[in-house]
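Here are a few notes to read alongside the model. Take them one at a time and find each residue as you go.

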Amino acid sequence: MANLDGPKGFFYHSGPNRLRHYDVDSSNATAIFVGDAVTMEDDGNITPAAAGGVIMGISNGYLAVSTAGKVPVFDDPQTLFWVQTDGAGTAIVEAAIGNNCDHIAGAGSADTLRSGHEIDESEITAATAGFRIIDKVNTPGNAWGANCKLIVKVNEHFYQTTTGI
């Protein structure tokens, strides 16, 4: 049976469960949804992370577009998350464990306030990328292939880079 296609962003899986609150300024052009990968801007505020960039962590809160406030973020580099793959490109297989991948910053839902971020299945690589694939989520109805739910770790983490903002 095929995996269901329902991107909802990143979910906490295991590891350090540290949440820190980060500022968002009113110039944010994109709402921040629960489960979004976020990054830090030069001014110290956070914003949704684009694919291929450094990642601060995963949002655990929602903040509307053009709204100043604070958002809780899972920001420990050792925290593991689970997330769905996008189902485009070559279907993901078990041999992807240990490889890296970027995410797709899909639009969040104004109804559920959940993220639309998911893993870009066509970008599985040994080269540097935003996330490291740890395993497949071991739940009924989740198989290797399109829209597989994976356990991942932030690979290009803000707190593990050698350069500051």
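**From one threonine to the core**

1. Let's start at Thr47, which sits in strand 4 (residues 46-48); strands here are DSSP runs of E, at least two residues long, numbered from the N terminus. This is a predicted model, where local features need pLDDT of at least 70 and side-chain atom pairs count only at pLDDT 80 or more, while totals for chains, interfaces and linings use all residues. Residues are numbered from 1 along each chain as its sequence is written, and side-chain values use heavy atoms, with hydrogens and water left out.

2. Why does Thr47 count as buried? Because its relative accessibility is 19%, and buried means under 20% relative accessible area (1.4 Å probe, protein chains only). Setting aside neighbours within four places in sequence, Thr47 is in contact (heavy atoms within 4.5 Å) with Ile32, Ala37, Val38, Thr39 and Glu41.

3. Ala37 counts as buried because its relative accessibility is 0%. Beyond residues up to four places away in sequence, Ala37 touches a list of residues including Phe10, Ile55, His103 and Phe131. Val154 is 117 residues from Ala37 in sequence, yet their C-alpha atoms are 9.3 Å apart.

4. Now for the core. A nonpolar core is a set of buried Ala, Val, Leu, Ile, Met, Phe, Trp, Tyr and Cys residues joined through side-chain atoms within 4.5 Å. The largest one has 18 residues, and Phe10, Ala37, Phe81, Phe131 and Val152 have the most contacts inside it. Strand 12 gives the most to this core, with 3 residues. Another core, of 11 residues, lies apart from it, with Tyr22, Ile32, Val71 and Phe158 among them.

Terms used:
Helix = DSSP H or I, 4+ residues; strand = E, 2+ residues; numbered from the N terminus. Buried < 20%, exposed > 50% of the residue type's maximum accessible area, 1.4 Å probe, protein only.
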